[in-house]
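These are my notebook entries on a structure that is new to me. I set out to look up strand pairing and contacts between aromatic rings.

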Amino acid sequence: MTHVLKVAVETPQHTGLGAPLSYESDRSLEPGSLVRVPLGRREVTGIVWPGEVETDAPGELRAITGAFDALPPLRRAWCDQIEFAAGYYQRGVGEVALSVLPPELRKLDNTQLVNRIAKLNKRLPASDLPAQVARPPLNAEQAAALDRLCTPVPAGATVLLHGVTGSGKTEVYLRAAEQALAAGRQALVLVPEINLTPQLEARFAERFAGRHIVSLHSALTPAQRLRHWLAAHLGLADLVLGTRLAVFASMPRLGLIVVDEEHDPSYKQQEGARYSARDLAVYRGKLEGVPVVLGSATPSLESWQRANEGRYLRLALPSRIGGGVLPQVRLVDMNQLPKVRGAATALSPALVAALQERIARGEQSLVFLNRRGYAPVLHCGDCGWKSGCAHCSAWRVFHKLDRTLRCHHCGFTERVPRACPDCGNLDIAPIGRGTERLEEQLAGLLQGADGRAPRIARIDADTTRLKGALEAQLGAVHAGEVDVLVGTQMVTKGHDFRRITLVAAVNPDAALFSSDFRGPERLFSLLMQAAGRAGRDAEHAARSEMWVQTWHPQHALYAALRRHDFEAFAASQLKEREMAGLPPYSHLAMLRADAKTAEAARGFLQAAAEVAHGLPGADAVAVYPPVPLNVARVADVERMQMLVESASRMALQRFLAQWLASLHALRIERKAAEQRILRWAVDVDPLSI
């Protein structure tokens, strides 16, 4: 008997074939089964998709060529989550479904998969009974939050755990996971960045000795990723820890979802299907009827507003573990420093003295500057030449260690010229500073009277490129082998530095006047998270400080920071956004186009706007004129964007679904060389504007 099945396959976006395709099979296969099917001249992996099959004549359909019988089908809830993500973020079902499966899975046949699963079963036998591990006592606030979490709540309820830095949110996660595992369920824990995964994995492994814990993130080898995914899918793994990719992990016994640092923009995918892992975690919780815990010291304003509206249950941890106080925030008014002609002040004398005091006491300090490299640009004082990138509308950054000029957008790298390329002047100088220059300046300023050099470590994307480099440097900090830690924002979140008593922000003002309406929210979050690295040991908390060097000490953001008052800051920001009609009080999408010329990209977006005005429901959305991105050209590609706004999420979704079908046709129509674009994409709920 011949059966007709719907199969989700990964089809190129330009084909416009986003829905599952129909194939015939000589046997019935359950929805969620992995299969091999012909697609054009290729044979590809697909997934038998649930739902009604279109009544095509079987004789006109191509046949499935094989099935992965060794692998249990993906559950209906998993397929429903994929279908929602594809619909909401305006991508093809097959594209989303296949992109979140391990790439190695597509290279195997059924026999090879049988062998992999057999090896995995030997490697991961049934979990042992958990060993009794000493647990730290809960304070009253943690106990109250955990009691509320364990009290029966509506299926799929979302809990916003708002706890100051150092308040013990991770212990609440551990206890909640313990409850889920005791009930025979699995727990999924998401973190924003890869470098936080090993740290959290170590804490969970220590607490849940005898349980199987796997991680899912992009730094795994293909074989590791497949092994960990299979462990989760087969129910062998009790805990899955991972970055945004892990929100799609197939887990048959899912009982809890935790999203740590839920405010972090790293949860938003920036390529392909531009999904938000945090938002999909909330949807998955509702779909599967499991609680979702969103944890943060500085929740996103969208989550905060949902809690205000009663859509999320808000639980508070307002005090630090051990009764430690939050660091005192000191604002250094850079306008008061004496002006020295031809010299730029990086560090105020008062901050240098505070750092020296910490070194003398055997304590650690953290100085962060969110710009890597030695200096953002080299400059010729005679003719005005600057180290621009030939392929991007951006400067190449000077890296002193290897004497290179490096573009951080396209990677174009050259040796530093001996003289100005334009006029031959030998005296070309760096302007501004990055972490590399800051490290050099600190080494000179903090040298002791006895000639002893301070122990300075720098952690940024340049110093942690090699495998194991980040872990080694963090280990040195934890061991007390570092006096001053210099770094970018990667050192300001999630790390539990017990000896740091001073944190200094060198130049945070730029985000105060960002063209992106989320700039102040990101800056406040970054500074609050950075402040949280100081005084995490209750013994040192009373003398912990956060120093902020600013040219705008009267700014309202800094006033809220001094009081550690997230609620006041959130209230003022939400009021501004409501008046301006910005999220969470409106809903946005961004259409982006890349082309060899700005005229081609702009022309495509203008034509798309004309199409939009003629669609049903166009009166419920506003389509703004196209504008270039902040860095308009990257790798010789011109980039333009066009904002779409609506007061109604449903109206925006209906409009986008109709519009995208027209955009596929529009791109095909514009074949002339001067009109042709390289690619286009829609970003729903964009984080960068």
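Entry one, aromatic pairs. I took rings of Phe, Tyr and Trp (for Trp, the six-membered ring) as a pair if their centres lie within 6.5 Å. I note that the model is a predicted one. How many aromatic pairs does this rule give? I recorded a count of eleven.

I then looked up Tyr374 and Phe398. Are Tyr374 and Phe398 buried or exposed? I noted both as buried.

I found a cluster in which ring pairs link Phe84, Tyr88, Tyr89 and Tyr283. I also looked up Trp304: the charged end of Arg314 sits over its ring, 4.2 Å from the ring centre.

Entry three, the sheet that holds strand 16. I recorded an open sheet of three strands in the order 16-17-18, with antiparallel pairing. Strand 16 (397-399) and strand 18 (413-415) each have a single partner strand and stand at the edges, so one side of each has no neighbour in the sheet. I noted an average twist of 25° from one strand to the next.

Lastly, I looked up how strand 17 (residues 404-406) meets strand 18. The two run antiparallel and are joined by three bridges.

Definitions and conventions. Residues are numbered from 1 along each chain as its sequence is written. This is a predicted model: local features need pLDDT of at least 70, side-chain atom pairs count only at pLDDT 80 or more; totals for chains, interfaces and linings use all residues. Side-chain values use heavy atoms; hydrogens and water are left out. Two strands pair if DSSP finds at least two bridges between them. Helices (H or I, at least four residues) and strands (E, at least two) are DSSP runs, numbered from the N terminus. Axes are lines fitted to C-alpha atoms, for helices over the stretch in contact, and angles run from 0 to 180 degrees between N-to-C directions. Rings of Phe, Tyr and Trp (its six-membered ring) pair if their centres lie within 6.5 Å; planes under 30 degrees apart count as stacked, over 60 as edge-to-face and the rest as tilted. Buried means under 20% relative accessible area, exposed over 50%, partly exposed in between (1.4 Å probe, protein chains only). A charge sits over a ring if NZ of Lys or CZ of Arg is within 6 Å of the ring centre and within 35 degrees of the ring normal.
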